[in-house]
Amino acid sequence: MARAESKQLATDIALLEAAKKVLRQSGYAGLSTRGVAEAAGVPLSQIHYHFGSKQGLVLALFEYLNAQLLDRQHALFGDPTLKLSEQWDKACDYLDQDIASGYVRVLQELIAASWSDAAVAKVIRAGLSAWVELIAELARKAERNVGGFGP
């Protein structure tokens with residue numbers, strides 16, 4: 001059973017990475033499940049089996065990328081060995097990496113798609129809310145450690 005789950009996870013990741021590549025190259029409107037399947041080297045039926053549809057694939061891609069970046073940021077801001085200023089500098093470096101990785105493109109494409117698709121909007125709102133909470137917690141922590149931010 002564990003082997004089957006491991007194989008399914010590997011296929012999921014291969015499809016998500018291929019979707020990220022195709023989305024970066026072609027945008028949301030130009031993304032096709034056939035193109036993603038070709039880029040991943042799997043039959044088209046695998047996308048429908050794992051994600052149900054193009055929308056399911058793209059939403060899973062956003063959640064996959066967003067979770068990775070949020071985990072990284074939580075680890076960074078939870079590191080007691082770094083001063084707040086060092087954490088901020090590293091976070092700014094991460095921003096450059098995130099832009100280069102394709103995450104920002106995926107996010108912007110999905111924000112645009114969310115204007116006409118309520119299911120996409122719901123996932124995007126939840127993902128962005130997690131970032132707002134992360135930043136709000138960081139601000140609360142900074143206020144406790146260094147005092148108020150002023151008027």
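Biologist: Let's start in the middle of things. What covers the buried residues of helix 5?

Modeller: The cover includes helix 4 (54-77), helix 6 (103-114) and helix 7 (118-146). Keep in mind that this is a predicted model.

Biologist: Which residues of helix 5 are the buried ones?

Modeller: Gln-87, Ala-91, Tyr-94 and Asp-98. They sit on the same side of helix 5, because the arc they cover around the axis is only 60 degrees. The general rule behind that is that an α-helix has 3.6 residues a turn, so residues three or four places apart point the same way.

Biologist: And what does the face of helix 5 turned away from that buried side carry?

Modeller: Exposed residues: Asp-89, Asp-96 and Ala-100.

Biologist: How do you know what span to expect for helix 5?

Modeller: Helix 5 runs over residues 84-101, which is 18 residues, and at 1.5 Å a residue the expected figure is 26 Å. From first C-alpha to last it reaches 25 Å, close to that expectation. Just after helix 5 comes Gly-102, with a positive phi of about 105 degrees.

Biologist: Let me zoom out. What elements make up the chain?

Modeller: 7 helices and 0 strands, so the order from the N terminus reads α-α-α-α-α-α-α. The C-alpha trace spans about 55 × 40 × 25 Å along its principal axes. Buried residues are 36% of the 151 in the chain. Of the contacts with a separation of 6 or more, 62% join residues 24 or more positions apart.

Biologist: Now the aromatics. How many aromatic pairs does a search of the whole structure find?

Modeller: It finds 1. The partners are Phe-62 and Tyr-103.

Biologist: What makes that pair of Phe-62 and Tyr-103 "stacked"?

Modeller: The centres are 6.4 Å apart and the planes make an angle of 20 degrees. Pairing needs centres within 6.5 Å and stacking needs planes under 30 degrees apart, so both labels follow. The pair also links distant parts of the chain: Phe-62 is in helix 4 and Tyr-103 in helix 6, 41 residues apart. Both Phe-62 and Tyr-103 are buried.

Biologist: Which residues touch the most other members of the largest nonpolar core?

Modeller: Phe-62 and Tyr-103 turn up again, along with Leu-16, Val-36, Leu-57, Leu-61 and Leu-110, in a core of 37 residues. Two or more residues come from each of helix 1, helix 2, helix 3 (44-51), helix 4, helix 5, helix 6 and helix 7. Helix 4 gives the most, with 12 residues. As for Leu-16, setting aside neighbours within four places in sequence, it is in contact with Phe-51, Leu-57, Ala-60, Leu-61 and Tyr-64.

Biologist: Where does the charged end of Arg-72 sit?

Modeller: Over the ring of Tyr-94, 3.9 Å from its centre. The cut-off for distance is 6 Å, so a charge at that position passes it. Lys-54 likewise lies over the face of Tyr-28, at 4.7 Å from the ring centre.

Biologist: Why is Lys-20 called buried?

Modeller: Its relative accessible area is 15%, and buried means under 20%, so the label holds. Lys-20 is in helix 1. Leaving out neighbours within four places in sequence, Lys-20 is in contact with Leu-61, Leu-65 and Ser-101.

Biologist: And why does His-50 count as buried?

Modeller: The same cut-off applies: at 16%, the relative accessible area of His-50 is under 20%, so it is buried. His-50 is found in helix 3 and touches Gln-8, Thr-11, Asp-12 and Leu-15, not counting residues up to four places away in sequence. His-50 and Leu-15 are 35 residues apart along the chain, with 8.9 Å between their C-alpha atoms.

Biologist: Last one. Is Leu-31 buried or exposed?

Modeller: Buried, with a relative accessible area of 4%. Leu-31 sits in the loop between helix 1 (2-30) and helix 2 (33-40). Beyond residues up to four places away in sequence, Leu-31 touches Ala-19, Val-22, Leu-23, Ser-26, Val-36, Lys-54 and Val-58.

Notes
Residues are numbered from 1 along each chain as its sequence is written. This is a predicted model: local features need pLDDT of at least 70, side-chain atom pairs count only at pLDDT 80 or more; totals for chains, interfaces and linings use all residues. Side-chain values use heavy atoms; hydrogens and water are left out. Helices (H or I, at least four residues) and strands (E, at least two) are DSSP runs, numbered from the N terminus. The expected span of a helix is 1.5 Å times one less than its number of residues. Buried means under 20% relative accessible area, exposed over 50%, partly exposed in between (1.4 Å probe, protein chains only). The arc is that of the directions from the helix axis to the C-beta atoms. Contact means heavy atoms within 4.5 Å. Rings of Phe, Tyr and Trp (its six-membered ring) pair if their centres lie within 6.5 Å; planes under 30 degrees apart count as stacked, over 60 as edge-to-face and the rest as tilted. A charge sits over a ring if NZ of Lys or CZ of Arg is within 6 Å of the ring centre and within 35 degrees of the ring normal. A nonpolar core is a set of buried Ala, Val, Leu, Ile, Met, Phe, Trp, Tyr and Cys residues joined through side-chain atoms within 4.5 Å.
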